[in-house]
Each structure stands twice: as C-alpha cells, then as structure tokens.
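Hi there,

Here is the structure I said I would pass on. Have a look at it first, and then read my notes below.

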Amino acid sequence: MLTAIVLIDTDAARIPEVAAAIAEVPGVSEVYSVTGEVDLIALVRVREHDQLADVIADHLSKVEGVLRTQTYIAFRTYSKPDLDEAFSLGLDD
C-alpha cells in the first residue's frame with residue numbers, strides 16, 4: 001500500500017465543499033481542514049504507484065475550488081504501536 005500526503009490550497013470561501021468533494025474521490029482515505037499555510041491535507045492510499053496520478057492529478061486536483069496541491073510520498077508508516085515496540089526495552093512490568 002502506498003500512502004501520499006497531499007497539501008491542498010483552496011478557494012477560502014469553499015473549504016468545506018472542497019473537502020467534502022475530495023473525500024469522495026476514490027483512493028482518498030481522509031481529508032483534514034487544518035491551520036497553517038495550507039487549507040486541507042488529504043491522505044491518499046493506493047496499491048500501485050501509477051494510481052497516484054489517477055487519484056491526485058486526474059481527480060483530486062481537478063475538484064472545483066482546488067487551487068494548488070503539493071504531494072509527499074510516504075516511505076514508512078510509524079504508528080503508536082510501532083513506536084512503542086521500537087522503543088521498548090523488553091522489560092517485564
């Protein structure tokens with residue numbers, strides 16, 4: 001599974017509508033409205049690298065109100081259980 005983190009600039013007057021439309025794009029697993037330099041962050045999860053172009057370039061970036069996207073591809077996922085295991089000293093409680 002490939003994960004892409006997509007930073008999205010939108011028409012500020014349409015953030016909720018744009019977020020809802022992006023959430024409906026197949027391959028988009030989550031959309032967050034955030035503070036900071038961008039308006040939305042979307043997580044895209046696909047099985048093959050070529051599918052990223054289908055989801056991001058062909059669909060997500062063409063949602064009305066999307067002004068610009070910036071995409072980051074995740075190399076590894078570190079979740080809390082993964083971090084707990086990685087930092088565990090193996091001591092019995």
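In what order do the 4 strands of the open sheet stand? The order is β2-β3-β1-β4, and the pairing is antiparallel. Please keep in mind that this is a predicted model.

The edges of the sheet are taken by β2 (28–33) and β4 (66–73); each has a single partner strand, so one side of each is left without a neighbour in the sheet. From one strand to the next, the twist averages 20 degrees.

Further in, β1 and β3 run antiparallel and are joined by 7 bridges. If you want a spot to start from, Leu7 stands opposite Ile41 in β3.

Now for the helices. α1 packs on the sheet and touches β1, β2, β3 and β4, with its direction at about 165 degrees to that of β2. α2 also packs on the sheet, touching β1, β2, β3 and β4, and its direction makes about 140 degrees with that of β3.

Then there is the nonpolar core. The largest one has 19 residues, and those with the most contacts inside it are Ile8, Ile22, Val28, Val44 and Leu60. Two or more residues of this core come from each of β1 (2–10), α1 (15–23), β3 (40–46) and α2 (49–57).

Best wishes

Conventions
Residues numbered from 1 in each chain as written. Predicted model: local features only at pLDDT ≥ 70, side-chain atom pairs only at ≥ 80, totals over all residues. Heavy atoms only, no water. Core = buried A, V, L, I, M, F, W, Y, C linked by side-chain atoms within 4.5 Å. Buried < 20%, exposed > 50% of the residue type's maximum accessible area, 1.4 Å probe, protein only. Pairing = 2+ DSSP bridges. Axes fitted to C-alpha atoms, helices over the stretch in contact; angles between N-to-C directions. Contact = heavy atoms within 4.5 Å.
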